Amino acid sequence: MRAGTPYAGTTRRPSRGRRLAVGPYLLIAPAVLGMLYLLLYPFGRALLISLQDFRLRELIRGDAEFVGLRNYQTLLADPRFWEVTRRTFLFMAVNVVLIMFLATLVALMIERLGRIGRTVVLSSLVLVWAVPVVAATTVFQWLFHSQFGIVNETLTGFGLSSFEGYTWFADGTAAFTILVALIVWQSVPFAAITLYSALTTVPEELYESARLDGAGTWTIFRTVTFPLVRPIFMLVLSLEVIWTFKAFVQIWVMTRGGPGDATTILPVYAVQTALAGQRYDLGSAASMVTVLLMSGVLVLYFRQLFRQEGEHL
């Protein structure tokens with residue numbers, strides 16, 4: 001038998017690893033398919049309704065007429081829609097800036113605390129984070145209640161008699177501010193804990209080298225800390241953009257978009273449009289525009305992020 005000649009009678013069989021490579025995908029396929037169904041079916045259904053004349057009659061009988069983009073034309077011609085869109089972006093910007101600023105400060109504070117202090121602060125953040133949205137919203141409603149709220153009682157106790165019986169939710173600016181405070185209070189724990197986790201990955205040697213070079217606190221944060229935690233910072237920022245852009249429960253439970261339209265943002269506008277006159281087609285169109293706007297914001301953001309990351313490579 002010559003060297004290099006295969007042994008007579010042997011056959012080449014597929015490797016065991018190659019045969020079983022499809023196994024893990026089959027195991028996760030039911031979960032993936034179920035998740036896709038739960039995500040894509042409601043989206044597809046809402047998209048279809050937005051292209052139909054779909055009101056209460058069509059909801060009952062199911063014979064909706066296809067009207068193409070007519071609902072979108074009606075929506076975009078509504079001046080109220082553009083005012084709500086402007087308010088939505090303002091609401092998102094104010095919340096995201098406050099959340100990221102406060103969360104960064106809290107994360108830096110936790111990093112400098114001792115073991116006991118760090119445990120207390122982290123435990124408090126987790127407890128705040130665990131409070132259900134509706135429960136937290138109800139607590140804020142009672143805090144600012146005109147007759148029984150502790151805020152009015154405290155301000156009156158400090159001699160500010162104008163706040164006796166003051167109706168916070170009858171003033172648009174006050175209601176807007178309370179909602180911002182609520183959402184920031186609910187969002188800071190997640191952002192702060194995530195940023196603190198990122199800060200723990202920064203090597204201590206870099207801080208020591210920067211201090212030896214005479215760098216101050218702000219310089220160290222700008223040149224050492226932030227560049228290393230920037231990917232996590234940007235991830236948290238994108239999540240908070242999504243969270244605040246689609247804030248609905250807090251507004252609906254607390255003010256239902258009032259007084260007037262002072263706290264109405266796009267998700268609330270979509271529900272109001274669908275329920276007020278049973279215009280489910282316009283409500284679905286407003287929801288689709290909301291998804292499109294949010295996707296556009298995130299695409300622009302990620303494009304800028306990847307461009308910056310490419311410059312640093």
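## Burial and surface

In this predicted model, buried residues account for 36% of the 313 residues in the protein chain. The accessible surface of the protein chain amounts to about 19,200 Å², and carbon and sulfur atoms contribute 67% of that area.

## Fold and dimensions

The secondary structure of the protein chain consists of 14 helices and two strands. With a radius of gyration of 27 Å, well over the 20 Å that the globule rule gives for 313 residues, the protein chain is more spread out than a compact globule. The C-alpha trace of the protein chain spans about 105 × 70 × 35 Å along its principal axes.

Among the contacts in the protein chain with a separation of 6 or more, 67% are between residues 24 or more positions apart.

## The largest nonpolar core

In soluble globular proteins, nonpolar side chains tend to be buried together. Here the largest nonpolar core comprises 69 residues, and the residues with the most contacts inside this core are Leu75, Phe91, Met100, Leu125 and Leu195. Helix H9, which covers residues 172-199, gives the most to this core, supplying 16 residues.

Phe91, one of the core residues with the most contacts, has a set of partners that can be listed once its neighbours within four places in sequence are left aside. These partners are Phe176, Leu179, Val180 and Ile183, together with Thr244, Ala247, Ile251 and Ile265, each of which is in contact with Phe91.

Terms used. Residues numbered from 1 in each chain as written. Predicted model: local features only at pLDDT ≥ 70, side-chain atom pairs only at ≥ 80, totals over all residues. Heavy atoms only, no water. Helix = DSSP H or I, 4+ residues; strand = E, 2+ residues; numbered from the N terminus. Rg over C-alpha atoms; globule rule 2.2 N^0.38 Å. Buried < 20%, exposed > 50% of the residue type's maximum accessible area, 1.4 Å probe, protein only. Contact = heavy atoms within 4.5 Å. Areas by Shrake-Rupley, 256 points an atom, 1.4 Å probe, with all protein chains shown as cover. Core = buried A, V, L, I, M, F, W, Y, C linked by side-chain atoms within 4.5 Å.
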